[in-house]
Amino acid sequence: MAYIGVLAALVMGGIALFVWYKLYQRIVESDRLDPRSSRKSRDGSNNSLEEFVAAYRSGAVVIDGAVATAKTAAAAPVTPVAATITAPVRRDHFLSGAVKLAFFLCKSGLKDHHVFAHVHLATLSATGISDGALANARIDLLVCNSEMSAVAAVDVISPEGQAPDTAKAEYLRSLGVRYLRLSAKALPKPGEIRALLYRM
């Protein structure tokens, strides 16, 4: 039995030695096939990829098609792209003026309802809107009942007055949503809002 164990150990050792020898041959052969410059760059004595990227970003290297060439001194200076990007500025007030007043009137006159501001028409339909102009259109206020179902769409019209948007009115009518256009000059009182929404 002891002989079998020794024999098995010798066989395993022989296999391990054979595998190591094959790997060693493959490494030596690949080093022979590699050009000297690529070995130098792999060893770190040549320019690394990070240095090339840094040189490209600084403008010292230009890529023409698939060939990278150094920039000449006569080339025009590179203008930074970041200069054209403007930082976002937050609004002081999400709602202002007559729309803000109409929002508070709806909130106080319809305590059992929910009021949302600046709603896109496309969000009211499950199928969306095919008309491009209507898809980007929005309403100032959307009033929903306690079950979050849309009851009325409200637009606050400037004192100068605006021509009615018949396409918007027709679309809301097709969805069964009442469309109200309130004048900024004569907004209703909180007690009158419910009657405007549910009048027959």
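## Reading a predicted fold, step by step

Reader: What pLDDT does the protein average, and what share of the residues score at least 70?

Author: pLDDT is the predictor's confidence in each residue, from 0 to 100. Here the protein averages 76, and 73% of the residues score at least 70. Residues 37–42 fall below 50, and that stretch has 8 contacts in the model beyond near neighbours in sequence; contact means heavy atoms within 4.5 Å. This is a predicted model, where local features need pLDDT of at least 70 and side-chain atom pairs count only at 80 or more, while totals for chains, interfaces and linings use all residues. Residues are numbered from 1 along each chain as its sequence is written, and side-chain values use heavy atoms, with hydrogens and water left out.

Reader: Which pattern does the protein follow along the sequence?

Author: Helices (H or I, at least four residues) and strands (E, at least two) are DSSP runs, numbered from the N terminus. You get 7 helices and 6 strands here, and the order reads α-α-α-β-β-α-β-α-β-β-α-β-α. As for contacts between residues at least 6 apart in sequence, 52% join residues at least 24 apart.

Reader: How many residues does the largest nonpolar core have?

Author: In soluble globular proteins, nonpolar side chains tend to be buried together. A nonpolar core is a set of buried Ala, Val, Leu, Ile, Met, Phe, Trp, Tyr and Cys residues joined through side-chain atoms within 4.5 Å. Buried means under 20% relative accessible area, exposed over 50%, and partly exposed in between (1.4 Å probe, protein chains only). The largest core has 20 residues, and those with the most contacts inside it are Cys106, Leu141, Val143, Val154 and Leu197. Elements giving two or more residues to this core are H4 (97–109), E3 (114–120), E4 (138–144), E5 (150–157), E6 (178–183) and H7 (190–198). H4 gives the largest share, 5 residues. There's also a second, separate core of 14 residues, including Val119, Ala137, Ala169 and Val177. Across the protein, buried residues make up 22% of the 200 residues.

Reader: At what angle do the axes of H4 and H7 cross?

Author: Two packed helices are described by the angle between their axes and the distance between the axes. Axes are lines fitted to C-alpha atoms, for helices over the stretch in contact, and angles run from 0 to 180 degrees between N-to-C directions. The axes of H4 and H7 come within 8 Å and cross at roughly 85 degrees, so the two helices are roughly perpendicular (that label covers 65 to 115 degrees; under 35 is roughly parallel, over 145 roughly antiparallel, and the rest oblique). On the H4 side, Leu105, Cys106, Ser108 and Gly109 make the contact, and on the H7 side Pro190, Ile193 and Arg194 do.

Reader: Is Asp140 buried or exposed?

Author: Asp140 sits in strand E4 and counts as buried because its relative accessibility is 17%. Leaving out residues up to four places away in sequence, Asp140 touches Val99, Phe116, Ala117, His118, Val154, Asp155 and Val156. The C-alpha atoms of Asp140 and Ala117 are 5.5 Å apart, although 23 residues separate them along the chain.

Reader: What is the phi of His118, and what is the phi of Met148?

Author: His118, in strand E3, has a phi near 50 degrees, a positive value in a residue other than glycine. Met148 is not a glycine either, and its phi is positive at about 65 degrees; Met148 lies in the loop between E4 and E5. Both are partly exposed, His118 at 21% relative accessible area and Met148 at 46%.
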